[in-house]
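Please open the model in a viewer and keep the selection panel at hand.

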Amino acid sequence: ARNRLASMKRELEWNQNEKTKKIDELNAHVSPEVLFKTESGDLTITLAESDDPDGPANNAIAQFMALAQNGFYKGAYIYEVNDKLIKMGSTDEEGKEGAKQKIPYEKTHRNNVAGVVGMVRDFDPAVTANPEAVEDAKYLNSADSRFYVCLQHVPEFDEKTIAIGTASGTLMTDAAKKLKKGTKITDVQILRKRPHPYEPKT
């Protein structure tokens, strides 16, 4: 009887391990989703993670997911709201401070149309004045935790920022018109993610 019980236990453990393995295999290709809650509405961001580890925006997505998982975004501010976009993820209301860890620029071939989410970065004033100028690396590689959500096409960002996914939710509709600078992110929930650790390269 003891041998039979031990055998049944091993079989149950094997079945559970196989089930876990299959779930991990399915999750290995999902698009991660993160829910941001504010008093003015919610925002669900679906991240365009590539199956290629070196795919476009994957490092920025790793940064975004790592910050979301470790609680950085809870209590962070929405610091700019206009007809074109919403900017959020700063530790101050003016949008001057983000995470200390900066990430290198990754070129993404996605137009910043309504619903697109990307990483905020600093723009070199020399390039703003002369588009032919070579951009200083300190501006090019300046993305941290701050990100934007397009409410309409923002062509000046096309192929100049790291587009990481798309957004949906009440903040994309009527709530956006009522949303005010200084609104805090009250909660962050990881709705879906891949089983690997998110470890950005800096």
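This is a predicted model: local features need pLDDT of at least 70, side-chain atom pairs count only at pLDDT 80 or more; totals for chains, interfaces and linings use all residues.

Two strands are said to pair if DSSP finds at least two bridges between them.

Select the eight strands, which form an open sheet in the order S3-S4-S6-S5-S7-S2-S1-S8, with antiparallel pairing. Next, colour S3 (77–81) and S8 (185–192): these strands stand at the edges with a single partner strand each, so one side of each is left without a neighbour in the sheet. On average, neighbouring strands of this sheet are turned by 25 degrees against each other, direction ignored.

Now select residues 33–38, strand S1, together with S8; the two pair in the antiparallel sense over six bridges. Within this pairing, display Leu-35 and its bridge partner in S8, Gln-189.

Of its 16 lining residues, select Pro-53, Asp-54, Asn-58, Asn-59 and Ala-62, the closest to its centre. The lining comprises four nonpolar, five polar and seven charged residues.

Finally, visit the second largest pocket, with about 290 Å³ of space. Its lining has 15 residues, of which Arg-121, Phe-123, Val-127, Glu-135 and Lys-160 are the closest to the centre. By class, seven of the lining residues are nonpolar, one is polar and seven are charged.

Conventions
Residues are numbered from 1 along each chain as its sequence is written. Side-chain values use heavy atoms; hydrogens and water are left out. Helices (H or I, at least four residues) and strands (E, at least two) are DSSP runs, numbered from the N terminus. Axes are lines fitted to C-alpha atoms, for helices over the stretch in contact, and angles run from 0 to 180 degrees between N-to-C directions. On a 1 Å grid over the protein atoms alone, a cavity is a set of points where a 1.4 Å probe fits but cannot get out, and a pocket is an open set with protein on both sides within 12 Å along at least five of seven lines; lining residues have an atom within 4 Å of a point. Ala, Val, Leu, Ile, Met, Phe, Trp, Tyr, Cys and Pro count as nonpolar, Asp, Glu, Lys and Arg as charged, and the others, Gly among them, as polar. Grid points are joined across faces, edges and corners, and a volume is the space filled by probe spheres set on the points.
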